[in-house]
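Subject: Two-chain model for you to look at

Hi,

Here is the model I promised to pass on. Have a look at it first, and then read my notes below.

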Amino acid sequence: MSKVVGVLGQFRDPTALVHGAEAVRDAGYKQWDTHSPFPIHGMDQAMGMKRSGLGYFIGLCAFLGAATGFGLQSWAHAIAYPAIIAGKPLFAWQAYIVITFALLVLFGAIGSVIGMLLFNRLPRFHHPVFYSDRFESCSDDGFFISIEADDPQFDQENTVRLLKEAGALAVDILEETDE
Amino acid sequence: MAEALPLKQQPVHVATDADLITGDQTFHTVTEHISSITEGKTPKMWFLLWGMAVSLLLVLLGSIGFLVWNGTGVWGLNNPVGWGWAIVNFVWWVGIGHAGTLISAILFLLRQQWRTSINRFAEAMTLFAVICALLFPGIHVGRMWLLYYFFPIPNQMGVWPNFRSPLLWDFFAVGTYFTVSLLFWYTGLIPDLATLRDRAKTRLRKLTFGILSLGWRGGNRQWQHYEIAYLVLAGLSTPLVLSVHSVVSSDFATSMVPGWHTTIFPPYFVAGAIYSGFAMVLTLGLIARRVYHLEHFITLNHLDKMAKIMLVTGSMVGYSYGMEFFIAWYSGNQYEAFTFINRALGPYAWAYWIMIFCNVVVPQFFWIRKVRRNVVLLFIASILVNIGMWFERFVITVTSLSRDFLPAAWDYYSPTIWDVAIFLGSFGLFFTFFLLFLRFLPMIAMAEVKGVLPQAHPHRGGSHE
């Protein structure tokens, strides 16, 4: 038994991929993606994508980092173990800025990597596009559009025709075989 | 059809230097050239170099064992000079680490697209240099099993580290710097690891790179978040890289020792760090370029630009040396004035003039275009600058301590064989890691290089019938 889970069209170059993406976008598909060895400028508009919300997540992490840093230092010196060292006041907020900043950056950086993975649902080692042998060139010099069968508009024949009309050089049917 | 591009143009940066990458590269030749370095048979030369690096690493481990067993008395430290080579080496290695992040973050924000050819191995260099740097404060405490005192962890004594001390700021700054550099480096590696995964022939490589690349599939919905993450990492690293060496300089500047207690230290240290870091990038880059035939990727234009950055930062360092002297005189502080005359004419004058020659005189040759584009001269200059920057830290640390306020307390400091062994050994640590990196990971960011090739920009078209 095998089940069609999507189709994958290969395109010649970045320009062809952008045109292909516009055609798929205009046809109203939702569950699809373009694949390329490097990010292509203008592809977000060509695909009709919204802005990434990742920045807000990172901002939150960075704020948490700064709060942790400042809170930890203030609490440790003013409350947990008040000891006067070198005549400095217990709540010497000026001296806390450096570590506050360091933790802001640290949490922000960890947040951007973890957030990027969360938003991209990575790591994910298993994905329909990997069923196509052709797809191996995607990290080299291949440009692809994949449309998933879950898309309400998906219809094997029409979708393949759409990709071919949009300029695909070759289209693969992605089939899942369950043993 | 080419004229009817319905694509809404956003103000993208067009690669103006068409010769950013030379040799008529296609996407595939880039992949092929860079990946094949990691896939072919290991060259004999590599084994030879790696063997030397590991031998030095063993020297390091042995010397550290000797140090732990006997205590820091095995070093040449004496009563006024309580900070010797350990701090000199620490500052030197951290400084070298600065170029990687400068290239990957600051040049990224400034849209300097030539960075794509050198950022990957410069970032790797940063990581390994910071590891070497962190080694020295780790071992210089003597009883290194008590190192966890640095960490703000609840303990049975209820005591916390002193967050008001620059030494602790340093610990946090360098620790953060290492972590952020590692994340930045790994994030940049993900698409290239996917390339290696897709090219893998053996099961071991398939598994390793499959896991490391996290299932990356180059989807634009992924690239979108990826680019934001990369941009934010660059944005966070930029103030971080400027702050790290400022904090390192606070270790000196917040003390009362003449020659250290000055406000010029943070910018002066940062300029020096970038300067020495670029020198090390050049040293390593020129070797790698030659050995792995990367002349099309690291072109003379790249070398030219790096030499210009060294000219700028080297001149800033030279200016700082001059300004220190001026302030020593202008402040009217006799200790400060004495310290600087002592640096230039005292018992450590030899170190001072090595420093002046290597750091101030040598980069001035970079005004000449022919020098900036001469591989041999660049290599020699980069080595000299590396030496000069080590002596800068030596001069700052040792001349000030060996003759401070009371002549009765003066003493001359010279290192022992263990100081030398640990410093040389740290090169073993560095090159062991660096050679492993060159052997097993793509040393040039393939995805980024492809992105700056002229045919990567969709509006250029060209393939339309």
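Predicted model: local features only at pLDDT ≥ 70, side-chain atom pairs only at ≥ 80, totals over all residues.

Residues are numbered from 1 along each chain as its sequence is written, while chains are lettered from A and ligands numbered from 1 in the order in which they are written. Helices (H or I, at least four residues) and strands (E, at least two) are DSSP runs, numbered from the N terminus.

Most residues other than glycine have a negative phi, and most peptide bonds are trans. B:H293 is another non-glycine with a positive phi, this time about 55 degrees. You will find B:H293 in the loop between α8 (265-291) and α9 of chain B, and with 11 C-beta neighbours inside 10 Å it counts as exposed. Over in chain A, the peptide bond that joins A:L122 and A:P123 is cis, with omega about -5 degrees. A:P123 belongs to the loop between α4 (93-119) and β3 (143-148) of chain A.

**Where the chains meet**

How many residues of chain A are in contact with chain B? There are 65, and they meet 60 residues of chain B; contact here means C-beta atoms, placed from the backbone, that lie within 7 Å. On the chain A side, the elements that give two or more residues are α1 (14-26), β2 (32-35), α2 (43-47), α3 (54-80) and α4. Of these, α4(A) gives the most, with 17 residues. By class, that side of chain A has 38 nonpolar, 17 polar and ten charged residues (Ala, Val, Leu, Ile, Met, Phe, Trp, Tyr, Cys and Pro count as nonpolar, Asp, Glu, Lys and Arg as charged, and the others, Gly among them, as polar).

Axes are lines fitted to C-alpha atoms, for helices over the stretch in contact, and angles run from 0 to 180 degrees between N-to-C directions. The contact of α4(A) with α5(B) has 13 nonpolar, three polar and no charged residues.

**Inside chain B**

α5(B), residues 166-199, also meets α7(B), residues 220-253: the axes come within 9 Å and cross at roughly 150 degrees. That is why α5(B) and α7(B) count as roughly antiparallel. Their contact has 17 nonpolar, five polar and two charged residues.

B:L168 is in α5 of chain B and is buried, with 21 C-beta neighbours inside 10 Å. It touches B:F150, B:P161, B:N162 and B:F163, leaving aside residues up to four places away in sequence. B:L168 and B:V247 are 79 residues apart in sequence, yet their C-alpha atoms are 9.7 Å apart.

Another helix to check against α5(B) is α1(B): its buried residues, including B:F27, B:V30 and B:I34, pack against α5 and α15 (446-452) of chain B.

Finally, B:E392 is in α13 (residues 375-402) of chain B. Is B:E392 buried or exposed? Buried, with 29 other C-beta atoms within 10 Å. B:E392 touches B:G272, B:M355 and B:N359, again not counting residues up to four places away in sequence.

Cheers

Technical notes: Parallel < 35°, antiparallel > 145°, perpendicular 65-115°, else oblique. Buried ≥ 20, exposed ≤ 12 C-beta atoms within 10 Å, placed from the backbone. Contact = placed C-beta atoms within 7 Å.
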